[in-house]
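Colleague: I would like to learn how to read a model like this one, feature by feature. Could you walk me through it?

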Amino acid sequence: MAETRPDKKLEPWRDRDIQPYIRIERVTKNFGDFTAVDDVSLDIYRGEIFCLLGASGCGKTTLLRMLAGFEQPSSGRIAIDGADMAGIPPYRRPVNMMFQSYALFPHMTVAQNVAFGLKQDRLPKGEIRDRVAAMLELVKLTALGGRKPHQLSGGQRQRVALARSLVKQPKLLLLDEPLGALDRKLREHTQFELVNIQEKLGVTFVVVTHDQGEAMTLASRIGVMDHGEIIQVGTPSDIYEYPTTKFVADFVGSVNLFEGRLVEDEPDHVRVECPELGGCFYVDHGVSAPPAATVWVALRPEKVFISRESPGPGPDNQVPGIIKEIAYLGDLSVYLVQLPTGRMLRVTRPNVRRQDAAFDRLTWDEQVWLSWEASSPVVVTQ
Amino acid sequence: MRPVSAGRWAVISLPYLWLLLFFLVPFIIVFKISLSDIRLGMPPYQPMLQWVEAQVVNIQVNLGNYAFLLEDPLYRNAYLHSISTAAISTLLCLLIGYPMAYGIARTDKSWRNLLLMLVMLPFWTSFLLRVYAWIGILKNNGLINNLLMGMGLIDQPIVMLQTDFAVYIGIVYSYLPFMVLPLYATLEKQDITLLEAAADLGCHPVRAFLTITLPLSMPGVVAGSLLVFIPAVGEFVIPALLGGPDTLMIGKVLWNEFFQNRDWPVASAVAIAMLLLLVVPIMLFQLAQGRQAGGHP
């Protein structure tokens, strides 16, 4: 799911005929003097897994809570499935939420927790029992239906919370840091499980997370937030490969950022002179910026080639350096290479070959050449 | 096992020593008196142990005082009336105290301490004085009657003092803080997101209160109720000052036996019987507390 196929059905935001399921229009939320959400407009489509990604305090949770109805927008409008949500209390919204703390009712058993939402709709007892049983089976908790929440592990509680929020078959499920409390292995497993459940039930997910890995795995689209504003919306690969601002480039994944000046500005390519690089970036896409403007070039560490030999005719897109630090991470190695200007550049390289004694590895203080393709750097103007 | 240090022993044994000296020893003395015969003189009862000869001890155990409690309907009525008065007062305290505690727990944090202090403020005045003050409010030419007559709403003063009504007012007024404080403690630490989760699942706020807030505050309800009920059963000052001559409460009966009839053995038997009667709710309380401690983390 991480990779979205270029199919129209999977990219409803590209189709002008499809009405968005959630329409957030110029929503602002103030708490006293503090603006938690600042003039946010966003369309989310049916069947999406939309991730709101940002550091803590960026307003992503407040936005989610406004969708759930726990907070009212100070201004702006939220519509779900065409219906304006202003003044509609949480208990009348077609929305369910999975809380960060799970918020399981401590005095009820697992089965009672899951049944709670159905009981509010006064469904017949038999139907409640069947649906609870089916839900517990989906999250693989059938055997633990009689336990109280405090008798469960963190991962089990998380699954109860998920079952409880899904049992009413909501059209829209809001998830607040759903995997925050789980350890890494369980997290990865649950991420895929969430995607499977989402595909099986056809629910629209809006997920709040500060973990970019989580956003990348889960999301059909990501909205990156900072200081109450949405900075960029796009598919995980859009966000990663074509960040539109320094902030997004830096926040999602790791990046080498260079400040520079546009010295050549053509529709099909630009050259950016960067004093810290001691040379120029030649980038094979155009930039909309005034001539000689200050811009930033973002270069992902995995897109840099590292070799002992000179990569060939220069002078753009290549630079010599000395390896200062090496971090061996198993699947890949991270090199910190010092450029002649003194600037450090981060390079990662997958460990394709086994690094045994016979392997002629790059080592500390070795003189190397760094190079990259013209399509690799991204120029951002803010 | 680590050797237990002397300091630790001292810390553990001190409260036990206190209980031994000021609870168990007096209890044994009272229990002993309750098993003796009345006599004229000082002390006004027959000692239980008597040296008849050099090596013969005469032990006299008189169970007649307890039999007397069962025979005379006065005591049974007093016990029953005490319990019913305490139960009704506890219920009234709960009905008034729960909204208070709930309100305080849900107000803004900066206001909570002030409101809590207001709840505890009456403790700064002597309990006795506060009960006396109610006489001035409730009596025939007291504050309320004067006010109502002055406004022309009534021509005759309403008799409130020396009635059960006055006793309820006195008990509820005096013990309300003991209800509010434990209730506040449980309500304040309740997780608000539980109510959000309930609302999110389609639960109306009123129903959320009944299905989430109320069950989760039961430990506070039990603690507060016992803190009010137990002392209210043995209450003496309030019925003596605010109640009428026919307000029969066991505390008053006890007082009369000791100081008017000077029948120490029967009075002691009354006291022991009352204690046994109250041990049951105390044990229920401890059971509830134990369950709470062993329950949610």
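Colleague: Let me begin with chain B: what percentage of its 297 residues count as buried?

Modeller: Keep in mind from the start that this is a predicted model. Burial is judged by counting neighbours, and a residue is buried if 20 or more other C-beta atoms lie within 10 Å of its own. In chain B, 30% of the 297 residues count as buried.

Colleague: What is the radius of gyration of chain B, and what would a compact globule of 297 residues have?

Modeller: Chain B has 25 Å, whereas a compact globule of 297 residues would be near 19 Å. Taken along the principal axes, the C-alpha atoms of chain B fill a box of roughly 85 × 75 × 35 Å.

Colleague: And how many helices and strands does chain B have?

Modeller: You will find 13 helices and 2 strands in chain B. Among contacts in chain B between residues at least 6 apart in sequence, 69% join residues at least 24 apart.

Colleague: Now the meeting of the two chains. How many residues of chain A are in contact with chain B?

Modeller: A general point on interfaces comes before the count. The size of an interface is often given as the accessible area lost when the parts come together. Here we count residues instead: 19 residues of chain A are in contact with 16 residues of chain B. On the side of chain A that touches chain B, β6 (95-98) and α2 (110-120) of chain A each supply at least two residues. The largest share of that side, 3 residues, comes from α2(A). By type, the residues of the side of chain A that touches chain B are 11 nonpolar, 6 polar and 2 charged.

Colleague: Let us turn to sheets. In what order do the 4 strands of the open sheet in chain A run?

Modeller: The general idea first. Strands of a sheet pair through backbone hydrogen bonds, either parallel or antiparallel. In chain A the order is β2-β1-β4-β5, with antiparallel pairing. The edge strands are β2 (34-44) and β5 (83-84) of chain A, and each pairs on one side only.

Colleague: How many bridges join β1 and β2 of chain A?

Modeller: Strand β1 (residues 22-31) of chain A pairs with β2(A) over 7 bridges, in the antiparallel sense. To see one of them, look at Asn30(A), whose bridge partner in β2(A) is Thr35(A).

Colleague: Is Arg26(A) buried or exposed?

Modeller: Arg26(A) counts as exposed because it has 11 C-beta neighbours inside 10 Å. Arg26(A) is found in strand β1 of chain A, and its phi is positive, about 45°, although it is not a glycine. Lys140(A), another residue other than glycine, has a positive phi near 60°. The place to look for Lys140(A) is the loop between α3 (125-138) and α4 (154-166) of chain A.

Colleague: Why is Lys140(A) exposed?

Modeller: Lys140(A) is exposed because 12 other C-beta atoms lie within 10 Å. Tyr45(A) sits in the loop between β2 and β3 (49-53) of chain A. Leaving aside neighbours within four places in sequence, Tyr45(A) is in contact with Pro12(A), Trp13(A), Ile18(A), Pro20(A) and Tyr21(A).

Colleague: Which residues touch the most other members of the largest nonpolar core?

Modeller: That core has 106 residues, and Cys51(A), Leu67(A), Val114(A), Ala163(A), Leu174(A) and Val206(A) touch the most other members. The most is given by α2(A), with 6 residues. This core draws at least three residues from each of domain 1 (8-94 + 170-246) and domain 2 (254-380) of chain A. Apart from it lies another core, of 49 residues, among them Trp134(B), Tyr184(B), Phe229(B) and Ala269(B).

Colleague: What distance separates the centres of domain 1 and domain 2 of chain A?

Modeller: Taken over C-alpha atoms, the centres of domain 1 of chain A and domain 2 of chain A are separated by 34 Å. Their contact takes 5 residues from domain 1 of chain A and 5 residues from domain 2 of chain A. On the side of domain 1 of chain A that touches domain 2 of chain A, the residues divide into 2 nonpolar, 2 polar and 1 charged.

Key
Residues are numbered from 1 along each chain as its sequence is written. Chains are lettered from A and ligands numbered from 1 in the order in which they are written. This is a predicted model: local features need pLDDT of at least 70, side-chain atom pairs count only at pLDDT 80 or more; totals for chains, interfaces and linings use all residues. Two residues are in contact if their C-beta atoms, placed from the backbone, lie within 7 Å. Ala, Val, Leu, Ile, Met, Phe, Trp, Tyr, Cys and Pro count as nonpolar, Asp, Glu, Lys and Arg as charged, and the others, Gly among them, as polar. Two strands pair if DSSP finds at least two bridges between them. The radius of gyration is taken over C-alpha atoms; the globule rule is 2.2 Å times the number of residues to the power 0.38. A nonpolar core is a set of buried Ala, Val, Leu, Ile, Met, Phe, Trp, Tyr and Cys residues joined through C-beta atoms within 7 Å. Domain bounds come from an automatic or database domain assignment.
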